[in-house]
Structure formats: structure tokens, C-alpha cells
Amino acid sequence: MNIHEYQAKALLRSYGMPVPEGRAATTAAQAADAARALNAPVTVVKAQIHAGGRGAGHFAGKPEGKGGVRLARGTDEVSDAADAMLGEVLVTKQTGPMGRLVRTLYIESGCDIARELYFSMLVDRGTGQIVIVASPDGGMEIEEVAARTPDRILKEYVDPAKGLCDYQSRDLAVRLGLTGREIRAFQNVVRSAYNAFTGLDAAIVEINPLVVTGSGDLLALDAKMSFDENALFRHPELAKLRDVHEEDPREREAAEYGLAYVGLDGNIGCMVNGAGLAMATMDIIKMEGEEPANFLDVGGGASKERVAAAFRILIGDPKVRGILVNIFGGIMRCDVIAEAIIAASHETGLTVPLVVRLAGTNVERGKALLAESGLTIIPADDLGDAARKIVSAVRNAGA
């Protein structure tokens with residue numbers, strides 16, 4: 001689960017992270033009031049969307065215009081910037097061409113920037129440890145830094161048995177070129193981020209840039225946090241921070257039915273039970289020369305209602321030109337899958353090719369139900385056969 005910058009900063013501040021003063025606003029009047037309350041020589045007006053690259057982005061219809069992060073001097077400039085951003089669609093590298101509608105702004109005090117650093121904390125799946133990633137090249141996309149100058153990416157791993165040790169943050173500070181009071185300030189940043197990361201079951205804490213001010217203080221000038229949704233039951237206060245407007249409506253509907261769904265850019269919808277089988281299905285579609293439209297795992301013991309909901313989500317995607325259902329029935333029965341597919345097909349008025357591969361419990365009964373349904377369903381014997389058939393059907397339908 002992702003949250004907005006202003007929400008992440010509020011959480012990090014509660015753990016001792018130094019952040020500039022700021023206030024959220026949903027109207028130009030609120031933005032002006034926030035600027036008056038901050039009373040800073042320079043104020044920063046930031047669009048709040050779940051995507052990076054806001055400052056370098058542009059608003060829809062204005063490719064040469066200003067982006068979603070603007071400096072303002074005085075309340076009138078803040079109000080004008082708010083008017084120009086609220087209710088507009090911001091397009092960045094991370095949003096894609098569709099962009100995101102700006103509903104909230106963050107009005108923040110400007111600061112004296114001497115240096116910009118990069119700092120993040122996440123779980124390294126390969127080592128099973130929390131890893132701190134830092135770079136002296138803050139303000140840039142970390143992927144570009146890693147590609148061009150990999151030696152500028154610094155890492156420190158935290159042994160889960162020991163926890164974060166002070167020498168680790170001191171060592172990183174020195175490697176980043178920090179000196180004097182900056183080292184102690186950096187230690188505070190690392191400790192605050194670590195406590196927030198572990199205390200809130202975060203998936204990532206990213207601060208880019210982490211700035212060194214002219215006086216030698218450190219400030220988190222931007223902040224991004226996301227959380228492990230499997231741990232949200234322990235943090236009901238975090239669940240309240242979810243902004244459903246920023247989420248894919250398909251993923252939102254899937255979550256309501258307990259489905260694991262991720263929308264992709266391809267044209268073949270996939271419905272599979274089991275994450276490993278889903279990944280294999282997506283891979284073999286790509287090997288056949290087409291792209292999957294989604295990752296969709298209905299789970300090992302899905303009900304008829306859940307499977308029907310999954311099918312409706314696939315049909316509702318306008319990019320989908322064909323559907324591949326690949327089910328191995330262990331706990332889940334193939335006849336239940338067949339009944340759900342038939343019901344959902346009649347309900348939605350299926351118009352795209354559908355290939356179904358079933359194996360496992362009650363497979364013969366499931367195949368018989370599909371054959372007797374009167375629907376045009378293409379049966380498949382194995383995964384390779386299923387992938388070839390759906391790719392062929394999609395290409396023939398588009399010819």
C-alpha cells in the first residue's frame with residue numbers, strides 16, 4: 001500500500017525524522033492559508049500523487065508547461081500555483097501518458113540546500129535482510145545513477161539478529177562525504193527511518209533528496225513510503241491513509257474479493273490459481289510472442305463467487321483481446337471453476353476468444369460442463385497448448 005508524501009512525512013516526523021514544515025491543502029484558499037501559517041520566504045507547492053518525477057512532469061494538454069512542484073514567493077503565487085494544479089492531470093515518467101488527477105497539494109517551507117543525497121531502506125529478498133541504500137547523487141532517479149555510475153550506490157545490510165548498529169550509519173555518512181555535525185545528523189536520519197520501517201512493517205522508505213542545509217542540518221525534502229499489505233491488520237491507522245483514487249480500479253475490485261491482481265499492458269487476460277503457475281503462464285504467453293494483460297491469482301481454495309468476480313474483472317479491461325484460464329485443481333475443484341466461467345460469460349456477454357486448460361480434481365466433470373454450456377470455449381490439454389491456442393485466436397481475431 002502506497003501513501004502520499006505529506007502522509008509519509010507526518011509518519012517519519014513522529015519517529016524523529018527531520019522534515020520541513022508543511023500542510024496539506026485541497027483548495028487554493030487552503031493553500032494560501034497554509035502559506036500564511038508557514039510564513040516562509042520561499043514556499044514549495046507540491047502535487048500529491050502516487051508517482052515520482054512530479055517536478056519534471058507536465059500537466060495534460062500543456063507539455064511545455066510547468067510541472068507538479070513549484071516555488072512560490074508570497075501567498076498570491078501559492079494561490080496561483082494551486083489554481084493551476086488542482087483538478088488537473090499530471091503526467092510523469094511513472095504515471096504513463098494517462099497521468100494522475102491532482103486532488104491534494106502539499107504546501108511546504110523552502111530551505112537552504114547545500115547538498116542533495118539519496119537515501120532509502122528496503123528488504124533485500126536475496127539476503128533476507130534490510131538494506132540501506134544511499135548515494136551522494138541525490139535528486140536524480142536512482143536507476144539512472146546505478147546504470148551510469150554503479151560505484152556511487154552505497155549499501156549497508158542490517159543483520160536481523162543484531163539490528164541496526166551505530167557504526168553502520170557512521171560508516172555510510174563518511175562514505176557519503178559528510179563531516180562534523182552532519183555525521184550525527186545522518187545517524188539520526190538512519191535511526192528514525194529504521195524505527196519507522198520496522199515499527200510500521202514498511203516495504204520501502206525512500207528519501208530523495210535528503211538535503212544537507214547550509215548550517216549542516218539534514219532534512220527529508222521528499223519522502224515515499226509503502227507498506228506490506230499482509231501486515232495492515234496490525235496497523236489499522238495506516239489502512240486509513242489509503243487513497244483509493246490513486247489505485248487501479250481493477251486492483252481495488254480484486255482486493256474486495258481477496259484476489260491477487262496486478263494490471264499490465266498486454267492484451268491477453270490470465271486467470272490462474274497459484275502465484276507460481278500464474279508467473280509460468282505469463283512467461284509462456286511472452287514466449288509465444290504476445291503480452292499478458294495482468295497477473296491474476298484466484299488462490300487455491302477460491303469460491304465460485306470469487307472466480308466469477310475475477311472473470312468479470314478480466315472482461316472489463318478494454319485492452320483484453322483474449323482470455324486464458326489455467327487452473328490446476330487441488331483444493332479447488334475444476335467443476336466449480338467451470339460453473340463460474342459459464343455464469344460469468346453469460347452475465348458479461350463474452351465476445352473475446354477464451355481458452356481454458358483444466359487439470360486436477362473433478363477435471364472431467366469440469367470439461368463436460370464447458371462443452372455443454374453452448375459457449376465458444378477452446379479447450380487445451382496443457383499450458384503450452386493453451387498459450388499457442390490463445391495467441392493464435394487473438395491474432396486471428398485481429399486479422
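Helices and strands here are DSSP runs, numbered from the N terminus. The model is predicted.

**The annotated site**
- An unreviewed UniProt entry places the feature "binding site" at Asn273, Gly330, Ile331 and Met332.
- These residues are spread over 60 residues of sequence, yet they cluster in space. Their largest C-alpha distance is 10.5 Å.

**Isoleucine 331**
- Isoleucine 331 sits in the loop between β17 (322-329) and α11 (334-348).
- The relative accessible area of isoleucine 331 is 74%, so this residue is exposed. The cut-off for exposed is over 50%.

**Asparagine 273**
- Asparagine 273 lies in the loop between β15 (268-272) and α9 (275-287).
- Asparagine 273 counts as buried because its relative accessibility is 9%. Buried means under 20%.
- Beyond its neighbours within four places in sequence, asparagine 273 contacts Asp297, Val298, Gly299, Asn326, Ile327, Phe328 and Met332.
- A polar atom of the asparagine 273 side chain lies 2.8 Å from the backbone oxygen of phenylalanine 328.

**Strands β9 and β10**
- Strand β9 (residues 129-135) and β10 run antiparallel, joined by 5 bridges.
- Opposite leucine 154 in β10 stands alanine 134.
- In a regular strand, side chains alternate between the two faces of the sheet.

Terms used. Residues are numbered from 1 along each chain as its sequence is written. This is a predicted model: local features need pLDDT of at least 70, side-chain atom pairs count only at pLDDT 80 or more; totals for chains, interfaces and linings use all residues. Side-chain values use heavy atoms; hydrogens and water are left out. UniProt positions are given in the numbering used here, feature names are shortened, and annotations may be inferred rather than shown by experiment. Helices (H or I, at least four residues) and strands (E, at least two) are DSSP runs, numbered from the N terminus. Buried means under 20% relative accessible area, exposed over 50%, partly exposed in between (1.4 Å probe, protein chains only). Contact means heavy atoms within 4.5 Å. A polar contact is a pair of N or O atoms within 3.5 Å; within protein, one must be able to donate a hydrogen and the other to accept it, and residues adjacent in sequence count only if both atoms are side-chain atoms. Two strands pair if DSSP finds at least two bridges between them.
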